[in-house]
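Dear colleague,

I am handing over the structure below, and my notes on its charged side chains follow it. Please read them with the structure open.

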Amino acid sequence: KNGSGFLDPDEFQLALGDMGFPSVRRDVVLHLMQLVDSDGDGLIEYAELARAIRESHFKKLREECSPEAKTRRAEAVAKAKADREAAKAKADAERAALEVMHKEELAAAEAVWAGMRRFATDQ
């Protein structure tokens, strides 16, 4: 964009948008730049970009941005939520069962204690 012949991170992000990846997070842009920037100067030269494209560094990005990948991520999030809810329901049921057992044990202990008191007073 500025005519320097190199892409800085901002220009690279714009270029990704022009290539059909408009919503790439900044951390992904910087990671991709590290993969492409073979001389480590923080800028991408034409030769580096051409080599990266040939070597398909962008294949993963294309896959991650595909509708199928978005569907898989949404399904994974939904499954994780359902798993958490099922685990919480199980824990709640176990807690309720323990509370019932505890109350029954207390009632049994009180009944035994009351019986012992009656026995002691009857003697």
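With which residue does aspartate 27 form a salt bridge? The partner is arginine 25, and the closest N and O atoms of the pair are 3.0 Å apart; a salt bridge here is a side-chain nitrogen of Lys or Arg within 4 Å of a carboxyl oxygen of Asp or Glu.

Before going further, please note that this is a predicted model, in which local features need pLDDT of at least 70 and side-chain atom pairs count only at pLDDT 80 or more, while totals for chains, interfaces and linings use all residues. Residues are numbered from 1 along each chain as its sequence is written, and side-chain values use heavy atoms, with hydrogens and water left out.

The structure holds five salt bridges in total. In the pair above, aspartate 27 is partly exposed at 45% relative accessible area, whereas arginine 25 is exposed at 53% (buried is under 20%, exposed over 50%, and partly exposed in between, with a 1.4 Å probe and protein chains only).

Lysine 88 is exposed, at 54%, while aspartate 92 is partly exposed, at 31%. Finally, Lys88 and Asp92 belong with Arg95 to a network of salt bridges.
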